[in-house]
Amino acid sequence: MSVPPVSASAPGKVILLGEHAVVYGRPAIAVPVWQTIATANVQAGSPGSGCVIVAHDLEVTIRLRQSGDDQPLALVTRLALAELGIAGEPDWHVDLHSTIPIAGGLGSGAALSTALVRALFAQAGRQVEPETVSRIVYASECIYHGTPSGIDNTVVAYGAPIWFVRGQPPESFTPPSPFTLAIADSGIRSPTKETVGDVRRAWEAQPARYEALFDAITALAYAGRRAVAAGEFTALGLLMDENQAILEQLGVSSTPLERLISAARDAGALGAKLSGGGRGGNIIALVKEERQATVEQALLAAGAARVIVTTIGALA
Ligand code: MEV
């Protein structure tokens, strides 16, 4: 009798306020996006096959015994097996699938690794805490991103909105009043590693200027936290617009992103900004329910490759 595979999944994510500054110890707010997910299915492989991970969307097959720790999914698997106290290599076959676009600022790498870790623990018959998942996944984020803050692995592992400050325990929260984001993909792939590296070089060249911009983002993040807690979404939209203006000054925006942001605002969004590393990837627009369809149409007309609408804090 064949045993059905053990399955686990993880969401994509967007950053409401605070990307880039968060790398430099400033606070940021991130939320999960469950409309786009990564899934891992694990089942017993043939005896002696070892641990094999097939990442279908990346078109890679990883044989653990032949892969070094520079392979993010191999590293995550080794760390998970070590955490599970499994010596040697079990004969497990893992299939990874994802609907999250790669290099689109939606945390695709963190989600794949998170789904993988959860599925490995499930296959071993063990529960795993979000902080353990997040810690293991952070190691793979360092390969994808260079010097990540840890916000992506944290929000994806917790699967809940978070207030995040690097090096501190995250605060997960449920917004008392739900709000809706339209997430529009520019269709342009932009590895986070590159924009994070560019901001670092610019910060090294002009530390006072960049520290001041990061401080301005800090004020927006605190104000955003208060606005979310109070359900003041007109205020939150304005804070997102202000954050976008600073991201432009940081040099991580682009004409295609700004075209989408303008289209969303013109169609009645309360505010809009890029999300994640920038240059390409996705923008987010805060929308009232009655403007949702109009904003979605405007984003598609302005060239969005796809639009996802997600409500944060909705009662299940
Ligand atoms: C990426 O989602 C967010 C950045 O701030 C990078 C990071 O925090 O590691 C751009």
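1. Basis. The model is predicted; local features need pLDDT of at least 70, side-chain atom pairs count only at pLDDT 80 or more, and totals for chains, interfaces and linings use all residues. Residues are numbered from 1 along each chain as its sequence is written, and side-chain values use heavy atoms, with hydrogens and water left out.

2. Secondary structure. The protein chain has nine helices and 11 strands. Helices (H or I, at least four residues) and strands (E, at least two) are DSSP runs, numbered from the N terminus.

3. Overall size. The radius of gyration of the protein chain is 20 Å, which agrees with the value near 20 Å for a compact globule of 316 residues. That radius is taken over C-alpha atoms, and the globule rule is 2.2 Å times the number of residues to the power 0.38. The C-alpha trace spans about 60 × 45 × 35 Å along its principal axes.

4. Of the 316 residues, 53% are buried (under 20% relative accessible area; exposed is over 50%, partly exposed in between; 1.4 Å probe, protein chains only). Take the contacts (heavy atoms within 4.5 Å) with a separation of 6 or more: 72% of them join residues 24 or more positions apart.

5. Surface. The accessible surface of the protein chain is about 12800 Å². Carbon and sulfur atoms hold 53% of that surface. The areas come from the Shrake-Rupley method with a 1.4 Å probe; for residues, only the protein chains shown count as cover.

6. Helix α4. Look at residues 151-158. Seven of the eight residues of α4 are buried, so the helix is largely enclosed by the rest of the structure. The buried residues are I151, D152, N153, T154, V155, V156 and A157.

7. Most residues other than glycine have a negative phi. A103 has a phi near 55 degrees, a positive value. A103 sits in the loop between β5 (92-98) and α2. Its relative accessible area is 23%, so A103 is partly exposed. R279 also has a positive phi, near 70 degrees. R279 lies in the loop between β9 (271-275) and β10 (282-287). At 29% relative accessibility, R279 too counts as partly exposed.
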